[in-house]
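Please look at the sequence and the 3D structure before reading on.

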Amino acid sequence: MRLVKQSRQIVVRNADDVCLQKEKTNIVPSTLIVRPSNCGKTNVMISLIESPNGLSFKNIYIYSKSLYQPKHHYLQTLIEPIKGINLFTFSENEKVISISKAKPHSIMIFDDVICDKQNTIRNYFCMGRHKHVDCFYLCQTYTRIPKHLIRDNANMIVIFKQDEMNVKHVYNDHVIGDMSFKKLLTICSTCWKDKYGFVVVSKDDPIDKGRYRKGFDNFIQFNIEQITTGYRADYKEMSNKLLKDIIKTREVLKAKLRNIKLNQIEKVNLLEDTFQPITKPLKRIIKKLDNKNSTPLTSSFTNDSMEIHNNDSDESDDDDDDHDHDVRHNNEINDVNNVDYNDVGVEADNDEKDSVNNLTTTCTSKMKRVEDDMKQFQNTYDLQMNGMKKQIDELCPTIKNDINSEAKQMR
């Protein structure tokens, strides 16, 4: 960048030096002057009033909690002898004249009143232009100035040395469409090298004709290549960040999908383990009931026992064999009794079969709901990914067109 000194100048000097009142011309209707305490905000304001290239007005309104300061007395001493120019001061919020009663062709100065109610100030910054009242807000920290209706309606911002957080807010509010944040930091650093140096952002001026200034008089002009390079750097940084966010989001969604699957599997396993003592014998019973080709157990065991009894009678000559057959005969009878009892009980109890069918239906319904939830989640995931891809595809040509359009305007 290079600095171009203008023929019309506003010299900022100490207000203790006495000078004559001169004819004035307008600067801008709404201005913010931001600088730490005891660093020259009031000097800048008085210089705008005194300079022949500064402000034009018929009335001055000042709302300040520090009207006792020598510079306010100096301004009063300067203005009072001049016929046709009136000076009005206020130290309490309730006594400040409303915008509807303010006289036209006036300037309204709000000096370090950030701790008071801001409604009156908002009204001035909102309606001052229509009432031909130029508003000036002097504050030590930019971020403390309310954004709604005050920062948003400011046409000129005078910035003395601030920390990076305050500069970032200035950039987001007024500069973001013109250059990268790094470029603004470079401009601020250059302007603040002087002891009382400040940066001026005049939003109503073209970018290459006074929108950015060192002081009031030195216009900062940019090389088109510097601007486009800054855009490219910002776009590349933004694209890389966006891609990283997309990858991170994908991993999060995949993790959620895995958790859903694991949770459903765990639920199924828990159900199976909990009801296994009931479901396992019921499944065996259902299998036996559905087996139409099976022979009744009672008849089979009875026939076998009768045959064994007959064989035992024919072989009664051998005492050892008789004993073995008797033991086997008794055991088989007991088995027959046990099996017949269970089967008869199952056949007689239809309610147990209904319970098994209900349990099976419930489990099937739950599994179906789980599958539906997983399908719905997968569809949502696909829609989000497609939306992100579409945004990226639309973002690239938009930024390129903005850069080309800005380049054409500056040429």
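A residue is called buried at under 20% relative accessible area, exposed at over 50% and partly exposed in between, with a 1.4 Å probe and protein chains only. Helices (H or I, at least four residues) and strands (E, at least two) are DSSP runs, numbered from the N terminus.

This is a predicted model, in which local features need pLDDT of at least 70, side-chain atom pairs count only at pLDDT 80 or more, and totals for chains, interfaces and linings use all residues. Residues are numbered from 1 along each chain as its sequence is written, and side-chain values use heavy atoms, with hydrogens and water left out.

Helix 1 covers residues 41-50; 10 of its 10 residues are buried, so the helix is largely enclosed by the rest of the structure. Among them are K41, N43 and E50. Contact means heavy atoms within 4.5 Å. The buried residues of helix 1 pack against the elements in this table.

| Element | Residues |
|---|---|
| Strand 2 | 30-34 |
| Strand 3 | 59-64 |
| Helix 2 | 70-79 |
| Strand 5 | 106-111 |
| Strand 6 | 133-139 |

Strand 6 is likewise largely enclosed by the rest of the structure, because 7 of its 7 residues are buried. V133, C135, Y137 and C139 lie on one side, and D134, F136 and L138 on the other.

Two strands pair if DSSP finds at least two bridges between them. Strand 2 runs parallel to strand 6 and is joined to it by 5 bridges; V34 has C139 as its bridge partner. Strand 5 also pairs with strand 6 in the parallel sense, over 6 bridges, and S106 is partnered with V133.
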